[in-house]
Amino acid sequence: MRNVSVWGRVLGVVDAVIEAVDFDEDVDAVVVSVRPRKGAQRRCGRCGKRAPWYDRGEGRRRWRGLDLGTVRVLLEANAPRVNCATHGPTVVQVPWARHGSGHTRAFDDTVAWLAVQCSKTAVVELMRIAWRTVGSIITRVSADIDAGVDRFAGLRRSGIDEISYKRGHRYLTVVVDHDTGRLVWAAPGRDDVTLERFFELLGEERCAQITHVSADAADWIARVVADRCPNAVRCADPFHVVAWATEALDEVRRQAWNAARGAVDRRRAGRATGHARVLKRARYALWKNPENLTPHQQHKLAWIAKTDPRLHRAYLLKEGLRLVFVLKGAAGKEALDRWISWARRCRIPAFVELQRKIVRHRAAIDASLDHRMSNALIESTNTKIRLLTRIAFGFRSPQALIALAMLALGGQRPALPGRPDPRIRQ
Ligand SMILES: [Zn+2]
């Protein structure tokens with residue numbers, strides 16, 4: 001009897017009776033036979049309501065539990081079906097596992113915790129499961145957390161963005177909370193219909209409470225926001241505006257590099273070789289914020305200033321635009337006026353074009369300068385989601401990627417089983 005209660009504690013199963021513990025040589029695992037306690041029997045696996053017996057289902061089933069030392073553990077029990085008033089014939093609820101899972105709750109929770117904390121290889125090797133299995137586990141755990149929290153509570157200033165997650169132009173639409181820096185919603189797709197679904201979930205009353213929406217210049221976002229959020233000011237994400245300038249700069253750099261390479265081909269001789277090579281490698285020196293440059297990159301930049309005035313001018317234009325968003329407010333708007341007249345006359349087509357685009361989106365950019373929208377949070381959330389898209393490569397569905405992103409960035413990190421929940425403040 002005492003052994004039995006020890007086993008219950010060791011396995012972390014509650015509301016269940018341990019019937020037997022054996023070692024199964026065939027599968028090289030400890031097999032623990034269990035059954036739900038009386039009060040936990042004959043409940044619908046989907047809603048947990050009591051329901052009458054239906055049939056034996058598929059007989060006995062096994063669930064993978066947390067390893068005991070180095071040995072794998074399997075829980076084994078009958079899995080009959082009940083006839084739920086709402087869900088019809090459904091496999092019964094078991095206290096040790098989520099519905100439809102082949103693993104115990106403790107196993108699922110540990111995997112979810114690890115997926116947020118460690119590398120893909122670490123999770124897969126330690127838990128002895130496939131990465132795709134990790135995908136379905138975190139989807140379940142995240143849905144479980146979702147059911148218990150209101151992610152949209154207090155949402156006032158939000159940012160909407162599209163993120164590519166697979167080659168072949170697959171996108172997610174993501175919504176973040178500017179005030180908390182949390183990811184609040186994500187779904188596959190980037191179009192009116194996708195975003196409409198978010199506002200549908202948010203509900204009319206909460207839509208009316210949104211004061212600011214920041215986004216890139218996508219027309220579909222502007223359209224839906226104008227329609228759904230009557231009280232929201234639409235702001236341009238500084239992050240995206242500066243990214244436009246970085247793209248324009250890169251175009252100029254590529255042109256300079258091609259010209260330098262062409263010069264080599266024509267002369268087939270030394271002098272320009274170095275020039276082309278440095279330009280090709282100058283990418284990061286040109287992209288990075290000046291305060292983050294390494295001495296080597298600073299040197300490269302100084303070299304460009306001397307040898308390629310046009311490319312250097314393009315660099316200064318990019319930096320000038322970035323400064324606008326550092327200044328913010330009236331000073332930022334003034335700086336933007338000066339920037340526009342400078343860019344208009346700069347004779348670098350990529351920046352003349354960018355200047356036109358900026359003028360077109362001036363109202364949204366001014367709004368973001370006026371309201372001093374903080375970009376740091378959104379940019380870091382964006383960067384983190386982009387990193388996750390790489391880790392999530394190999395998941396079968398975008399839902400698993402979304403689950404991972406929500407677990408990592410949604411402010412509700414998964415808890416380890418048997419430990420105090422970090423989400424509950426002590
Ligand atoms: Zn039910």
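The protein chain is split into domain 1 (1-101), domain 2 (103-207 + 215-224 + 394-419) and domain 3 (238-370), with bounds from an automatic or database domain assignment. The model is predicted: local features need pLDDT of at least 70, side-chain atom pairs count only at pLDDT 80 or more, and totals for chains, interfaces and linings use all residues. Residues are numbered from 1 along each chain as its sequence is written.

**Exercise 1.** Describe the contact of domain 1 with domain 2.

*Step 1.* Ten residues of domain 1 are in contact (C-beta atoms, placed from the backbone, within 7 Å) with eleven residues of domain 2.

*Step 2.* On the domain 1 side, strand β4 (residues 60-68) gives the most, four residues; strands are DSSP runs of E, at least two residues, numbered from the N terminus.

*Step 3.* The centres of the two domains, taken over C-alpha atoms, are 29 Å apart.

**Exercise 2.** Locate the largest nonpolar core.

*Step 1.* A nonpolar core is a set of buried Ala, Val, Leu, Ile, Met, Phe, Trp, Tyr and Cys residues joined through C-beta atoms within 7 Å; buried means 20 or more other C-beta atoms within 10 Å of a residue's own, with C-beta atoms placed from the backbone.

*Step 2.* The largest core has 87 residues, of which Val111, Ile138, Leu401, Leu404 and Ala405 touch the most other members.

*Step 3.* Domain 2 and domain 3 both give residues to this core, so it lies between them.

*Step 4.* Another core, of 17 residues, lies apart from it and includes Leu11, Trp63, Val73 and Val94.

Notes:
Contact = placed C-beta atoms within 7 Å. Buried ≥ 20, exposed ≤ 12 C-beta atoms within 10 Å, placed from the backbone.
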